[in-house]
Amino acid sequence: IVSEVPSTQPFFFQLYVNKDRSKSEALLRTVAALGVKAIFLTVDAPVAGKREADERVKADEGLTTPMSGASSTNDAKGGGLGRIMSTYIDATLNWEDLEWLRSCTDLPIVLKGVQTAADAKAAMEAGVAGIVLSNHGGRSLDTYVSALHPHKPPTYKVTKAAIGIRVPAKGA
């Protein structure tokens, strides 16, 4: 895709860290060579969601994921993307891993899936380039409340104050 659009079009890469970190490191080198402008590190889905509809569908057993090389398999219940992803996503990812990630890339790092005001502040203190408030969507966290839900801590207001987001006034 990157090679087929004007060079002025910015691309970002959404990274799910592989349990085999060398595979993530190789992937980061590949996307940097393609001209990707930033890494969006997925932090809100450390395990694959329960994708029952996907599981009931037989997966093409020739399917492999470009992120890990993991291959699809089927059993009596079916197959699906969730099963492939659960074989390689590193569920132990934590704040200390940002140092490892910085050692692998010079690209800006954005945390995708920040859920709370405390995590927004911690992200700022960790020096990431940005955050994306998200509850992942997809079907990974379907029943989890939104990062902007009124019964959760005020993520947006604290985030805005903590990292200096400027929101234009109406009509500006």
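At 28% relative accessibility, what does Arg102 count as: buried, partly exposed or exposed? Arg102 counts as partly exposed because its relative accessibility is 28%, where buried means under 20% relative accessible area, exposed over 50%, and partly exposed in between (1.4 Å probe, protein chains only). The model is predicted: local features need pLDDT of at least 70, side-chain atom pairs count only at pLDDT 80 or more, and totals for chains, interfaces and linings use all residues. Residues are numbered from 1 along each chain as its sequence is written, and side-chain values use heavy atoms, with hydrogens and water left out.

Side chains of opposite charge can pair when their charged atoms come close. With a salt bridge taken as a side-chain nitrogen of Lys or Arg within 4 Å of a carboxyl oxygen of Asp or Glu, the count comes to three. Arg102 takes part in one of them, meeting Glu99 at 3.2 Å, N to O. Both residues lie in helix H4, three residues apart, about one turn of the helix; helices (H or I, at least four residues) are DSSP runs, numbered from the N terminus. Glu99, at 54% relative accessibility, counts as exposed.

Turning to Arg21, a network of salt bridges links this residue with Asp90 and Asp97. The closest N and O atoms of Asp90 and Arg21 are 2.8 Å apart. Asp90 lies in the loop between helix H3 (81-86) and helix H4 (97-104) and Arg21 in helix H1 (residues 21-33), so this pair ties together parts that are 69 residues apart in sequence. For Arg21 and Asp97, the closest N and O atoms are 3.4 Å apart. Asp97 lies in helix H4 and Arg21 in helix H1, so parts 76 residues apart in sequence are tied together. Asp90 and Arg21 are both buried, and Asp97 is buried as well.

Conventions. Helix = DSSP H or I, 4+ residues; strand = E, 2+ residues; numbered from the N terminus.
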